[in-house]
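Please open the model in your viewer, with a selection panel and a distance tool at hand. The stops below are meant to be taken in order.

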Amino acid sequence: MSTVLRFVQHRIISHPRGEVTVSAQCLDGDCGWSALPNPDVASVDVECMAHTGRTGHPTFARRYEDVALVERVGE
Ligand SMILES: [Zn+2]
């Protein structure tokens, strides 16, 4: 019994029907505040600025996330 492995080219793209979302997490000590994933970047920015206004916490980890799609090339 043998197995034949042949090389198949693939590419990876952002899914055409997916959307990019942004989320943010406050990095100040044990604060734990976060902005939920949202496709509207400006809205998340406003949430962060409002959080800074309330707390004085100025730093956030922002995460951009999309849905990836892998396709065979040439099909
Ligand atoms: Zn905070």
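The tour goes from the metal site to the strands around it, then to the salt bridges and a surface patch.

Before selecting anything, note that this is a predicted model, in which local features need pLDDT of at least 70 and side-chain atom pairs count only at pLDDT 80 or more, while totals for chains, interfaces and linings use all residues. Residues are numbered from 1 along each chain as its sequence is written, and side-chain values use heavy atoms, with hydrogens and water left out.

**Stop 1: the zinc ion**

Select the zinc ion together with Cys 26, Cys 31, His 51 and His 57, whose atoms SG, SG, NE2 and ND1, respectively, coordinate the metal at 2.1 to 2.4 Å. Donors here are N, O and S atoms within 2.8 Å of the metal (3.2 Å for Na, K and Ca), and because water is not among the atoms, sites may look incomplete. The angles among the four donor atoms run from 106 to 113°, and the site is tetrahedral, a label given to four donors if all angles lie between 85 and 135 degrees. For reference, the ideal angle for four tetrahedral donors is 109.5 degrees. Along the chain, the donors of the zinc ion follow the spacing C-x4-C-x19-H-x5-H. Cys 26 belongs to strand β2 (residues 21-26) and His 51 to helix α1, so this pair ties together parts that are 25 residues apart in sequence. Helices (H or I, at least four residues) and strands (E, at least two) are DSSP runs, numbered from the N terminus.

Are Cys 26 and His 51 buried or exposed? Both are buried, with a relative accessible area of 4% for Cys 26 and of 3% for His 51. In this scheme buried means under 20% relative accessible area, exposed over 50%, and partly exposed in between, with a 1.4 Å probe and protein chains only.

The C-alpha atom of Gly 29 is separated by 9.3 Å from that of His 57, a residue 28 positions away along the chain.

**Stop 2: strand β2 and its partners**

Select β2 next, a strand that is mostly covered, with five of its six residues buried. Six bridges join β2 to strand β4 (residues 60-65), and the two run antiparallel; two strands pair if DSSP finds at least two bridges between them. To follow this pairing, show Thr 21, whose bridge partner in β4 is Glu 65. Strand β3 (residues 34-38) also pairs with β2 in the antiparallel sense, over three bridges, and there Val 22 stands opposite Asn 38.

Within β4, Ala 61 is partly exposed, with a relative accessible area of 34%. From Ala 61 to Cys 26 the C-alpha distance is 6.5 Å, although the two are 35 residues apart in sequence.

**Stop 3: the salt bridges**

How many salt bridges does a search of the whole structure find? There are two, each being a side-chain nitrogen of Lys or Arg within 4 Å of a carboxyl oxygen of Asp or Glu.

For one of them, select Glu 71 and Arg 11, whose side chains meet at 2.7 Å, N to O. This pair links distant parts of the chain, with Glu 71 in strand β5 (residues 68-72) and Arg 11 in strand β1 (residues 10-14), 60 residues apart. Glu 71 is partly exposed at 25% relative accessible area, as is Arg 11 at 45%.

Then select Asp 45 and Arg 62, whose side chains meet in a salt bridge at 2.8 Å, N to O. Asp 45 lies in helix α1 and Arg 62 in strand β4, so the pair ties together parts that are 17 residues apart in sequence. Asp 45 counts as partly exposed at 26% relative accessibility, and Arg 62 likewise at 44%.

**Stop 4: a nonpolar patch**

Finally, show the surface and select Val 20, Val 41 and Tyr 64, which form a nonpolar patch with about 260 Å² of accessible area together. Patches are made of residues with over 30% relative accessible area and no salt bridge, with like charges joined within 9 Å and nonpolar side chains (Val, Leu, Ile, Met, Phe, Trp, Tyr) within 5 Å. Accessible areas come from the Shrake-Rupley method with a 1.4 Å probe, and for residues only the protein chains shown count as cover. Val 41 is found in helix α1 (residues 41-55) and counts as partly exposed at 32% relative accessibility.

How values were computed. Tetrahedral: all angles 85-135°; square planar, octahedral: opposite > 155°, others 65-115°.
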